[in-house]
Amino acid sequence: MIELEGVPELVDPVMVAAFEGWNDAGDAASTAVAHLDKEWKGEVFAALDAEDYYDFQVNRPTVFVDGGVRKITWPTTRLSVIRIGGDKPRDLVLVRGIEPSMRWRSFCNELLGFAHELGVELVVVLGALLGDTPHTRPVPVSGVTSDADLATRMNLEETKYEGPTGIVGILQEACTHAGVPAVSLWAAVPHYVSQPPNPKATLALLNRLEDLIDLRIPLGDLAEDARAWQLGVDQLAAEDSEVAEYVQSLEEARDTAELPEATGEAIAREFERYLQRRDPNAPPGGHATDGGDGSSHLRDNPSGRTRPPKPPRPEGEDGDE
């Protein structure tokens, strides 16, 4: 483990983690953490030893040339810190890496060691899964936890998922057993257009994250990228009657499933969220974006698409892990 010398005492820190691989459909989760790191200029203070956790025949190192010198980048997991000032300062510890190939328990224990040393009060793990969701509707983002008290306090679902899991589920359970409050946020990515990137799903995760931790997140060009992405998918669907018909069936199923939620209270809650995101003077927790957590205007040309038949999901049927 790398010593944490030089890392200042953090204020009300939250650890936000995402891992490339099985739990990262469309690269939505890892891109969300990369966005936070870029917008807030995170400073890397630690990297896990790649030899301990990665099979280099699965995740191969890369060679690059820097100033005429050939160098190697090894697959690993890096931690960076973000200092956020303002009226309500809250610092972030970002964990960004690749799902490890081995020694998952040791991997989680090492991350928990960092969390303990830094005084982390909450761990939020981001994930994305393939789902039966139309690209024309808001991206569903579920917040789940294994802690019943935390679920009640933060208005989350208590996970009931059973089945194969990835590092997101393992890390969340490790936090729970260690007494560290932990939440995972899952975005559902349309399985018929699963190729990365998916800025709409990334935007939805960040919007849900800022609500969860009460911190306004600078979104940069992400909302516009999301609109461009959806336009590209719209155009592809319009060129293929089979895909267009399938998307319509998903829309009808989604609208029917959500109809019972269209109560006065639910509508008022969503309208309040809309106003917070449109009003730059609104209290923290919202952001002035045009699309929020997945408006129905999206645009960019994805690298391709698959046909309607459903592939296996990366993380259980309901995405609760």
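Start your tour at Arg227, which counts as buried at 18% relative accessibility, since the cut-off for buried is under 20%. Keep in mind as you click along that this is a predicted model.

**Stop 1: a helix and its salt bridge**

Is Glu224 buried or partly exposed? Glu224 is partly exposed, with a relative accessible area of 44%.

Now select Arg137, Glu251 and Asp255 together. Salt bridges with shared partners join these residues into one network.

**Stop 2**

The structure holds six salt bridges in total, and another one to look at pairs Arg90 with Asp12. Here the closest N and O atoms are 2.8 Å apart. Colour the two ends by their place in the chain: Arg90 lies in the loop between strand E5 (78–82) and strand E6 (92–98), whereas Asp12 lies in the segment before strand E1 (14–20). The pair therefore ties together parts that are 78 residues apart in sequence. Arg90 is buried, with a relative accessible area of 15%, while Asp12 counts as partly exposed at 29%.

**Stop 3**

Next, select residues 62–66 and 69–73, which are strands E3 and E4. These strands run antiparallel and are joined by five bridges.

While you are here, show the side chains of Asp66 and Lys71. They meet in a salt bridge, 3.1 Å from N to O. Asp66 counts as partly exposed, at 40% relative accessibility, and Lys71 is also partly exposed, at 36%.

**Stop 4: the open sheet**

Switch to a cartoon view and follow the strands. Eight of them form an open sheet with mixed pairing, in the order E2-E5-E6-E1-E7-E10-E8-E9. Which strands are at the edges? They are strand E2 (43–47) and strand E9 (157–158), each of which pairs on one side only.

Now zoom in on E1 and strand E7, residues 122–131. The two run parallel and are joined by four bridges. Select Met15 to see one of the pairings: its bridge partner in E7 is Val123.

**Stop 5: helices on the sheet**

**Stop 6: a buried asparagine**

For the last stop, select Asn23, found in the loop between E1 and helix H1 (28–39). Asn23 is buried, with a relative accessible area of 2%. What lies 3.1 Å from a polar atom of the Asn23 side chain? Show backbone atoms and you will find the backbone nitrogen of Val168 there.

Notes
Residues are numbered from 1 along each chain as its sequence is written. This is a predicted model: local features need pLDDT of at least 70, side-chain atom pairs count only at pLDDT 80 or more; totals for chains, interfaces and linings use all residues. Side-chain values use heavy atoms; hydrogens and water are left out. A salt bridge is a side-chain nitrogen of Lys or Arg within 4 Å of a carboxyl oxygen of Asp or Glu. Buried means under 20% relative accessible area, exposed over 50%, partly exposed in between (1.4 Å probe, protein chains only). A polar contact is a pair of N or O atoms within 3.5 Å; within protein, one must be able to donate a hydrogen and the other to accept it, and residues adjacent in sequence count only if both atoms are side-chain atoms. Two strands pair if DSSP finds at least two bridges between them.
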